[in-house]
Amino acid sequence: MKRRIEKVAVLGAGTMGARVAAHLANAGVPCYLLDIIPQELTAEEKAKGLALSDPNVRNRIVRAGLEAAKKSRPAAFFTPDLARLITCGNFEDNLAWCSQADWIIEAVAENLEIKRTLLARVDSHRRPGTLVTTNTSGLPIRLISESLSDDFQQHWAGTHFFNPPRYMKLVELIPGPKTRPDVLATLEDFCDRRLGKGVVVAKDTPNFIANRIGTFSMLNVLRLMAQLEMTIEEVDACTGPAVGWPKSATFRTADIVGLDVLVSVVRNIYENVPNDESREIYRVPPFIEEMFKRGWLGEKTGRGFYQRVRKDGEGEILSLDWQKMDYRPQQKARLASIEAGKNIEDTQERLRALLAPVFAGQGGDNGARFLWGAISEMCLYAARRVLEIADSVVDVDHAMRWGFAWELGPFELWDAVGVETMAQQLEKEKKPLPPLVTRLLSSGQKSFYQHEHGQASYFDLASAAYRQEVVPEGILILKSLKDQSREVERNSGASLIDLGDGVLCCEFHAKMNAIGADLILMLNAGLKRLKTDFDAMVVANQAPNFSAGANLVLLFMLAQEQEWDDIHMAVRQFQNVNLAMKYAPRPVVAAPQGMALGGGCEISLHAARIHAAAEAYIGLVESGVGLIPAGGGTKEMLIRANEKAGVSPAVAAGVTPASAELDVDLFHALKPVFENIAMAKVGTSVEESRELGYLRRSDLISMNRDRLVADAKQTALAVLRAGYRPLAPSAGEGAATTQIRVLGEQFLAGAKLAIHMLLRGEYITEYDAVVARKLANVLAGGPLSAPQFVSEQYVLDLEREAFVSLCGERKTQERIAHTLKLSSASAANAKLRSASPTR
């Protein structure tokens, strides 16, 4: 039986401990955060006459850790207010608080004796059955707990979070020799559902899975860099998006993590893997040792492989010349193979193209030779280690994708390049193949994974056969559903997929999920099917981002050609489909994740419910390109301001007269709406998006993005079970019935004054002011002489007129061109006209 975890104690308020506590707070879990007491007073404390016994002094270290987490960038907390869920204390005065915790997470220094000593004290305070884990990145789990009570060891495990814990998906769960199965099940379920993590069960081996493979990969990269005499920039060009790895690549990532951490991990592996045939690679390279001695540890010390400096008042990033041990201006990496690969969008296809010269016996340039050495050696090492560190190739691939943000894990890389192709090249180089690879090929198979009818299976070395990959309960994978012939309709921009139980999904799959005609067509098709075949619809996709907004390329072209009627029609179509969603006879649930900007936000605002991923960044950002939201977003935020001000249906219907006080409340409710849209504010988490008004209190979140589609489906079904009553149906454009209170000149005058003051203070540009006035006019309902009620269509028309008129402005077109990264020359030659069209 899984246990309930309602309160957690985190021991250690360093970088990891404080941020783990912050993420527990993000999940709504109250926690204690404890650390050591200071051994001496600071100068400031002495000046105040404080003593070491003073409570404020005794908690200084833990408070400093929490404050660092509150100030960290990227933000550790969804919103700063969530820090209230954390109670600070220290090991001397407050360790007894552990008796109130359901889970105790130890996150002190990576020192075996420090951990053992502290946990022995914890064992005397914890209730029997309380879960205890260590957040070590590589110390043996069994050795930390071996001298503690049986009950402790039965409820003990390692939980290796990756930094920063809010954003890095992986948690490695490492059982001890006596860990009970229900303890593992509880931790896995809690980390998955409550904390949004991808959990991989690892074996208790040095540095577990991700750091073992990732550190080998890093050291192999350093070896190749020296062998091929490459620069820092050239290596980062090869080990970033070119191979499906993060933009921070090798050395920017190392600077973020810290060279001290890297050195510690490398030394720990070397000391604890006497039988690893690749042990000698786990020696810290001489130039890394020298950097460590000089304190060049990365961002925490201001210099590492890169250094940020200011020159003539401008910021500049210098690169390390690792041979001369000096910093110099950055140099562009000039590798023909990498440059050519940028034109290939698909990562697997790009990898095959980059490595083709090697397989053809041509060698290729330094980029190709480096990539082959980096990928082949890492894949060989993973294949040799898999059964030592994990239970399956799937666990290794998950660990590397979730812990290092690789697009493809080692065995997915084997398959992408081609197992046979790689094996043949390795045999040419007289490199022995691991038993896993030889057994796969001798059994007549050619890949580690197989996909059939939407079900994935993986090659298992022990049985020399494929095993079905188990998808956890509560996860729906849209690609698998399509492979199972559950796709109902499709065009180039979107698909309709049957999620089962009478729920339809409209999935976007255009580039960046930009909103265009195909997507609108499919939304309309889905709404039509709600009337005949389905009970609810979820608007969702499983791309990195829900939608980045309108198709700016198309809009830019239409504006250059002065096709104002076409822009009017496109905007009207988007407005109409959003209205149709809002007044649909059956519920529509929007499930945004990643960026939901501009039009992506507007789609969500019109849904009956939003069920968002915790890491959904939602906002109306059109002002950034000199436009205003015109797909109904401005109108919906105006409606929400009405709701906040207390404009009831009775007032809107004229049953209860509107009062002057109500209009004052509406004025104050509109101010943040105007500011948020004018400043293109985006929530940096779903909870901040809620604070900005883009989610209502009834809207839900999923901490684990993998569960979002299934969770949104359940939300749609729950809305149905609760007796969904659609809003009054519309019968076409102009028939929507919601009445909106607008203030006319009362709001417009105040907004114009605010714009004038911002302009005088040089906080905004002249053209920002032009856009802001257009926005203010819509939110005011136009220059009306007195407050009154207007229809949704009235506001939509104002939105559309403002949008199209701004499309005709030179400055807007220049901003769109800049956003699209068009060259200044092509932008200058474009047909940009200053005359603004009006209708």
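Biologist: How many bridges join E15 to strand E16, and in which direction do the two run?

Modeller: The model is a predicted one. In it, strand E15 and strand E16, the latter spanning residues 494-500, are joined by three bridges and run antiparallel. Within this pairing, Glu489 stands opposite Leu496 of E16.

The two strands belong to an open sheet of seven strands, ordered E15-E16-E17-E18-E19-E21-E23, in which the pairing is mixed. Its edges are formed by strand E15 (487-490) and strand E23 (700-702), each of which pairs on one side only. On average, and with direction ignored, neighbouring strands of this sheet are turned by 20° against each other.

A helix accompanies the sheet. Helix H30, residues 708-721, lies across E16, strand E17 (503-508), strand E18 (536-539), strand E19 (588-590), strand E21 (609-613) and E23. Relative to E21, helix H30 runs at about 160°.

A polar atom of the Asn491 side chain lies 2.9 Å from the backbone nitrogen of Gly493. The backbone nitrogen of Ala494 likewise lies 2.9 Å from a polar atom of the Asn491 side chain. Once its neighbours within four places in sequence are left aside, Asn491 is in contact with His509, Asp518, Leu521 and Met522.

The structure holds zero disulfides. Cys505 is in no disulfide, and the nearest cysteine sulfur, that of Cys506, is 6.9 Å away; a disulfide would require the two sulfur atoms to be within 2.5 Å. Cys505 counts as buried because its relative accessibility is 0%. For Cys807, the closest cysteine sulfur is in Cys601, and at 19 Å this is too far for a bond. Cys807 is also buried, with a relative accessible area of 1%.

Terms used. Residues are numbered from 1 along each chain as its sequence is written. This is a predicted model: local features need pLDDT of at least 70, side-chain atom pairs count only at pLDDT 80 or more; totals for chains, interfaces and linings use all residues. Side-chain values use heavy atoms; hydrogens and water are left out. Buried means under 20% relative accessible area, exposed over 50%, partly exposed in between (1.4 Å probe, protein chains only). Two strands pair if DSSP finds at least two bridges between them. Helices (H or I, at least four residues) and strands (E, at least two) are DSSP runs, numbered from the N terminus. Axes are lines fitted to C-alpha atoms, for helices over the stretch in contact, and angles run from 0 to 180 degrees between N-to-C directions. Contact means heavy atoms within 4.5 Å. A polar contact is a pair of N or O atoms within 3.5 Å; within protein, one must be able to donate a hydrogen and the other to accept it, and residues adjacent in sequence count only if both atoms are side-chain atoms.
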